[in-house]
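I wanted to find my way around it step by step, and I wrote down each thing I looked up.

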Amino acid sequence: DLESHLQRCQQLSVTVLTDHQDFNNTELKTILNSTAPRQYRIRAKLRTYKPQKLYQSIKLHCSKCNSLQEVPDGDDFDFILQGSAGTAPNPELHNTSWYDSVMWTTQDQKQRKIAIHFVKHDEMLQQPEDTLLMIEGGTLKEVWKLTKRFKCVIPVRSTEDDLELLDLSAPFLLQGNIKYYG
């Protein structure tokens, strides 16, 4: 189990700071009662830390404009997907030589159009567990359902002449529970 392996690794990892070895250990009450700035050497055990999740300590970097963005959580990703669902899939981009497309309208009030493009391998469709597919107009819930059944899922939107990836802060590829960012 990957999660228990990561916890074991974190428990075994110890960082020893060698700075200020010439100071004696100082009691915490002495530090609290003193005025800054001072230098002390203490021995402490870490009980909690922030950020709690790895993705919170990572930023997405755009090499073109040099901006940094937060890695989106589920709500942000859902918002990005909803924004891309506002544009109906372009039927002229369906069923090319390298993918087959299926499109349907949802039964809810919004009657969204969803397109799924099944990428061919050697001009043949693969078994679901080996299939790469692209989805247009899907919600977060629908995307997660697809990642449980298919090998790789790429959220896309259509333009006038091509399919394109969503914006920088959205994952460009989902493989099971793993999200890949650009």
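My entries follow, from the overall fold to single residues.

**Entry 1: the outline**

I noted at the start that this is a predicted model. I then asked how many helices and strands the protein chain has. I found 4 helices and 9 strands. I wrote their order down from the N terminus: α-α-β-β-α-β-β-β-α-β-β-β-β.

Of its 182 residues, 26% count as buried.

**Entry 2: strand E5**

I picked strand E5, residues 132-136. Is E5 largely enclosed by the rest of the structure, or open? I counted 4 of its 5 residues as buried, so E5 is largely enclosed.

I then looked up the partners of E5. Strand E4, residues 113-119, runs antiparallel to E5, and 4 bridges join the two. In this pairing I found Ile-116 opposite Ile-135. Strand E6, residues 152-158, pairs with E5 in the parallel sense, also over 4 bridges.

I followed the chain from E5 to E6. The path goes through helix H4, residues 140-149. I recorded this β-α-β crossover as right-handed.

**Entry 3: the cores**

I kept one general point in mind: in soluble globular proteins, nonpolar side chains tend to be buried together. So I searched for nonpolar cores. The largest has 15 residues. Which residues have the most contacts inside it? They are Ile-135 and Leu-146. Helix H3 (74-85), E4, E5 and H4 each give two or more residues to this core.

I listed what Ile-135 touches, leaving out residues up to four places away in sequence. Among its contacts are Ile-114, Ala-115 and Ile-116. The list also includes Val-143 and Leu-146. Val-153, Ile-154, Pro-155 and Val-156 are on it too.

I found a second, separate core of 9 residues. Its members include Tyr-99, Cys-152, Leu-163 and Leu-173.

**Entry 4: aromatic rings**

I counted 2 aromatic pairs in the structure. I looked at one of them, formed by Trp-98 and Tyr-99. The ring centres are 4.6 Å apart, with 85° between the planes. I noted the pair as edge-to-face.

Trp-98 is partly exposed, at 45% relative accessibility. Tyr-99 is buried, with a relative accessible area of 3%.

**Entry 5: salt bridges**

How many salt bridges does a search of the whole structure find? It finds 4. I wrote up three of these in detail.

Lys-120 forms a salt bridge with Asp-100, and their closest N and O atoms are 3.3 Å apart. This pair links distant parts of the chain, 20 residues apart. Lys-120 is in the loop between E4 and E5, and Asp-100 is in strand E3, residues 99-105. I found Lys-120 partly exposed, with a relative accessible area of 24%. Asp-100 is partly exposed as well, at 26%.

Arg-157 and Glu-164 meet through their side chains at 2.9 Å, N to O. Arg-157 is partly exposed at 26% relative accessibility. Glu-164 is partly exposed at 34%.

Lys-29 and Glu-27 form another salt bridge, at 3.9 Å, N to O. Lys-29 counts as exposed because its relative accessibility is 55%, and the cut-off is over 50%.

**Entry 6: Thr-139**

Where does Thr-139 lie? I found Thr-139 in the loop between E5 and H4. Thr-139 is partly exposed, with a relative accessible area of 22%.

I set aside its neighbours within four places in sequence and looked up its contacts. Thr-139 is in contact with Asp-78, Leu-81 and Arg-112.

Conventions: Residues numbered from 1 in each chain as written. Predicted model: local features only at pLDDT ≥ 70, side-chain atom pairs only at ≥ 80, totals over all residues. Heavy atoms only, no water. Buried < 20%, exposed > 50% of the residue type's maximum accessible area, 1.4 Å probe, protein only. Pairing = 2+ DSSP bridges. Right-handed = clockwise from strand over helix to strand, strands pointing away. Phe/Tyr/Trp six-rings, centres within 6.5 Å; stacked < 30°, edge-to-face > 60°. Contact = heavy atoms within 4.5 Å. Core = buried A, V, L, I, M, F, W, Y, C linked by side-chain atoms within 4.5 Å.
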